[in-house]
Amino acid sequence: MSAKVPSDQFLLYGFAGTVPDLAAAVARFGDRARGCPELRLRVRDGGPLTYPQWVAADVLANQFVMHAAGSSWAECLATVAGFGSDQLDPRVAAWRLHVFPAVDGVPGSGLGTVAVVQVAHALGDGVRSSALAAWLFGRDARVSAVDGRPPFLGLTLPWRSYRAARAHRQLLRDTDAGLVPPQAGSCPALRSNSQPEGMRGVRTLLRKRSQLAGPTVTVRVLAAVSTALAAHLRELGDDPSQLRAEVPMAKPGERISHNHFGNVGVGLYPDLSTDERMARIAEDLEQRRRRAAHPAMLEADRASRAVPAPLLRWGVGRFDPTLRSPTVTGNTVVSSVNRGPADLHFGGIPVVMTAGYPSLSPMMGLTHGVHGIGETIAISVHAAESAIGDIDAYVERLDAALTADRP
């Protein structure tokens, strides 16, 4: 799928100061990577009759890319926005580290060092990729391997399909009985769902965790996105009354794949007050969690995992990314990951912030990232001109919405 819809992740980390011995620090990253089996994986694609496999490989020198020293923060972000056109080939390398020395204006630092870990989505979701990046930057928490696909799994497809169908019928009964929330609705596609065209940009706002009052940081940011995006789209001529967001959510239970999440749709309720809106958004997220915990979802995953490789390849080959839909799960994406304590370092220089810029797709020209490390939260925007027009005007609206109703 990544050959049809680019999906590389870009995990940005800002460090407080310049690194005295840059070559030694980068060499240390190489040693850290070689000491982590999950960072030594690449894809071996055996052909149309088999699934691709993860195999061990060497860490390559060209996985570490040095950029010119002396750029500004704005120039650094402009370069990061262009990375999307240079996607990884996981058959060669599943990740890459970009280093920007001596960047002026790093939020929370002034003159600082920026590192961007580019990760193929096949290697991990946001949580797993963040853990892999943290290992590179010195956190001593091993990233566990994910069990590979057992041989002859395709032979179990009839039985797994039967179990999935039976569980799905139970899900329908439980939904009708009010025991499980109904499936999330859809909403009209708006300008933010435009095919990404024109200039692409990324921007980042910083807040302290205490400045984002609400049930959770994610809910508070979703409420602010509702305010800013509704006003912005209304000015562009759209009706945002049914505004919704697509939110990646971790699946319950033990991780059985490198990507252990699903996207869910939540209402953004722009016509409600901030407090009412946050309560409704929190309720929507809780309903999505409850539905995702139903046994039918696990049975569906098990059946999908047993689909024979030729059939799955045929289905992926039939996918047409140019097709448009009048309705969507969400009018923007808001991806939220807590990257843990501020215990990361680059050559002895401490981390001050981390951000992420979810990729754009044919039906999504505007995405948001919410990433925390320590007490610092980065709220990021990734947008195409076709979807949002002036990105700085939108970010100003988002900044104001995040500032409103502070404790």
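1. Let's start with how helices are compared here: axes are lines fitted to C-alpha atoms, for helices over the stretch in contact, and angles run from 0 to 180 degrees between N-to-C directions. Helices (H or I, at least four residues) and strands (E, at least two) are DSSP runs, numbered from the N terminus.

2. A word on the source: this is a predicted model, in which local features need pLDDT of at least 70, side-chain atom pairs count only at pLDDT 80 or more, and totals for chains, interfaces and linings use all residues. Residues are numbered from 1 along each chain as its sequence is written, and side-chain values use heavy atoms, with hydrogens and water left out.

3. Look at helix H5 (residues 217-235) and helix H6 (residues 274-292): their axes come within 9 Å and cross at roughly 120 degrees. H5 is therefore oblique to H6 (angles under 35 degrees count as roughly parallel, over 145 as roughly antiparallel, 65 to 115 as roughly perpendicular and the rest as oblique). In contact (heavy atoms within 4.5 Å) are Val-219, Arg-220, Leu-222, Ala-223, Ser-226 and Thr-227 of H5 with Arg-277, Met-278, Ile-281, Ala-282 and Leu-285 of H6. Seven of these residues are nonpolar, two polar and two charged (Ala, Val, Leu, Ile, Met, Phe, Trp, Tyr, Cys and Pro count as nonpolar, Asp, Glu, Lys and Arg as charged, and the others, Gly among them, as polar).

4. H5 also packs against helix H10 (residues 391-403), at an angle of about 140 degrees and with the axes 8 Å apart. That angle makes H5 oblique to H10. On the H10 side, the residues that meet H5 are Ala-393, Tyr-394, Arg-397, Leu-398, Ala-401 and Leu-402. The contact of H5 with H10 holds eleven nonpolar, two polar and three charged residues.

5. Now find helix H4 (residues 157-176) and helix H7 (residues 295-305), which pack at about 155 degrees with their axes 8 Å apart. H4 is therefore roughly antiparallel to H7. Among the residues that meet here are Leu-157, Ala-164 and Leu-171 in H4, and Met-297 and Ala-300 in H7. Eight residues of this contact are nonpolar, two polar and four charged.

6. Finally, the second largest pocket has a volume of about 350 Å³. On a 1 Å grid over the protein atoms alone, where a 1.4 Å probe fits, a pocket is an open set of points with protein on both sides within 12 Å along at least five of seven lines, and lining residues have an atom within 4 Å of a point. Of its 21 lining residues, Pro-6, Gly-84, Arg-200, Ser-359 and Leu-360 are the closest to the centre. The lining has eleven nonpolar, seven polar and three charged residues.

How values were computed:
Grid points are joined across faces, edges and corners, and a volume is the space filled by probe spheres set on the points.
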